[in-house]
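Work through these exercises with the model open. Try each task before reading its solution.

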Amino acid sequence: MTKKSLIIIQARMNSKRMPGKVLRNLKNVPTLKWLIEAAKKVNFENKIVVGTSSETSDDILVEWCKTNKIDFYRGSLNNVLRRFVEISNKFKSEIIIRLTADCPFIDPKVIDQLFYLIKKRSVDYVSNTQNRSWPDGLDCEVFTRSALLKCYKNAKNKEDLEHVTRYFYNNKNQFKCINLPFPIGDFSNIRITLDDYNDYKILKKMANFLDFGPNFMDTISIFNKLTIKKANKKFRDGNIYYSENKNFRKSNKIFKSVEAKIPLASQTFSKSYIQLPYKNAPLFITHGKGSYLWDVDGNQYIDFMMGLHSVILGYCDKDVDEGIKEQLDNGINFSLASTLEKKLADILIEMIPSAEMVRFGKNGTDANTGAIRLVREIQRKPKIITCGYHGWNDWYISSTSFDNGIPKDLKKYILPVEYNNIDQLNEVIKKNKEDLAAIIMEPMNAVYPKNDYLKKVRELSIKNNVLLIFDEIITGFRFGLGGAQEYFGVTPDITTIGKGMGNGMPISAIVGKKKFMHKMDKIFFSSTFGGESLSLRGSIATIEKIKKKNVPKKLFELGTYLDVGLKKIIKKHNFQKVISFEGHPCWKIMKVNDSQGVKGNLIKTLLIKGLINNGILINASHNISFSHKKKDLDYVIKVYDKVIKNLKEILGSRFEELKFPPIKPIFMPRKIL
Ligand SMILES: Cc1ncc(COP(=O)(O)O)c(C=O)c1O
């Protein structure tokens, strides 16, 4: 007789971390049998099939199935998606329930609930594994056969074929998906899955207290009893630093082969492993949507890096992407200029107070380098005062501690000053007046201008005939529609913008007063991809949306909401002296001080590690985008609460955990005073 529902238990002997785990005993009964007995207890008609591979290593598993009169199916080892399709073809079911051999303590009632949900809501895919709130180890996924077939038709990449359901949750636009949250809150830090020998130790103990198909609350309660009793806290105890609830195995594995071919395994220091907690962070991203990112291990994050500020609206913004796609049909990079340049220039001139003429570049470094060359040409003087970070080019990096590969004598032309120190600026101008072309500064980064600092900078620059450039690569379109210059009411001579202006597309611009900008043709600022049309079109769509939706106002509101919540949490834990967030609400920068003899850098690393482990991708600031949601910010505040509580315990007694390698900053262009 044809059964309408099929429970497929995915199992194989050759697990890398724990070979043969499916037939290892828990209370004298193989793990696999635990799953089968749980599956037998569900409240709907079904067929149970063990889905394994055709590899000889799985012969023993098949023998076990035969002996125990369990249906089985053998298919491809790596193309597990195909294996599932073949099983469903053979057993002709409308609904498929996927269980995996690493979840022996699955509760049949959980399976029932998910089965009920898919029936009742007529969707394609339901699970309790997305936006994880269930303990790790009670995983169940249910999907329709037609959705599985669609998935099989469309899934092309290796990961999607290997991880049967990955294509569902990564392509939610193609499938109706529902996630069942854990009924009593976030218990995702509890780990009762069987993945390695450490798990096995604890599951073996737990099994002595459990029957087949246990109630999940019993499972959790026994887990807690056993782990809390455990004197040696190093053993996984459900606290976030040890739970490894997110795993980064694939990231770490891929890293080795990537690093062999790509130095640093990344194109940017800030996106590389050296700026993230060692082996405890994702290293490779597969895709993003709104303010979410997914990594190669299938983990989902609320992103606070947002492409290093470049994604101001959110990943895959519909309006921007439509503009880009439309342009794509007409061509990418032409042999001559396009009228898109004038269109975007008009928009910038209308919005930015200092803008009367415009030139485009591809990134912030381009724009700043062009602006510096321009002011040197106008002034016929070589020296530049800097304040903040201005990109990777020789002229600026020569002044930092990371000046390898740059002729040492370039250093003498660059004079870095401290933000908010008007006396120092005055002094440096006085000393170098003869040779000084300009001041370039971020109008604000980690701290607000004090005592009319920006106004005084402007006055000093006019008085001394030094040009003033605002580097608004980050602040542009964020602090106000006209950038920080509009927000603070101080207009520079020249402005550079980039990052958010294309919602991720590589584009930047130098804008400024006509009397300076018309000299641009006296300097060599010229590149093959300058004026490339997809970025221009993307930028037009981005800025139009920024204007229409008053994005700076929204960023301010969201950032303030997060900041107020975090301040409460920090106060609750009496941690104000250790952690604070400085700067404008749209770009709050984490400041972490030394505490109880532990270096701030290490505390910050552990904090970031805890956040990442709970699905918050961050590397030292909250880069707010238009797509961040208040409900997610509530979750972020909750996670900070949990992580800071944990951090306090670590600082107080769990010294072992303080051996973690801290992230080291490359250099510190932005001082938080
Ligand atoms: C203020 C500022 N200026 C310039 C740059 C350099 O921009 P890019 O990395 O696009 O060259 C950055 C990059 O982080 C920046 O933050």
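**Exercise 1.** Which residues of helix H12 (residues 318-328) are buried? Then find where they sit around the helix, and what covers them.

*Solution.* The model is a predicted one. Step one: apply the cut-off, 20 or more other C-beta atoms within 10 Å of the residue's own. In H12, Val 320, Gly 323, Ile 324 and Gln 327 are buried. Step two: look down the axis of H12. The buried residues fall within an arc of 95 degrees, so they line one face of the helix. Step three: turn to the other side of H12. Lys 318, Glu 322, Lys 325, Glu 326 and Leu 328 are exposed there. Step four: look for the cover. Helix H20 (533-548) is part of what covers the buried residues of H12.

**Exercise 2.** Describe the fold of the whole protein chain.

*Solution.* First, count elements: the protein chain has 23 helices and 23 strands. Second, check the radius of gyration. It is 29 Å, close to the 26 Å from the globule rule for 673 residues, so the protein chain is as compact as a globular protein of that length. Third, take the burial: 47% of the 673 residues are buried. Residues 24 or more positions apart account for 75% of them.

Terms used:
Residues are numbered from 1 along each chain as its sequence is written. This is a predicted model: local features need pLDDT of at least 70, side-chain atom pairs count only at pLDDT 80 or more; totals for chains, interfaces and linings use all residues. Helices (H or I, at least four residues) and strands (E, at least two) are DSSP runs, numbered from the N terminus. The radius of gyration is taken over C-alpha atoms; the globule rule is 2.2 Å times the number of residues to the power 0.38. A residue is buried if 20 or more other C-beta atoms lie within 10 Å of its own, exposed if 12 or fewer, and partly exposed in between; C-beta atoms are placed from the backbone. Two residues are in contact if their C-beta atoms, placed from the backbone, lie within 7 Å. The arc is that of the directions from the helix axis to the C-beta atoms.
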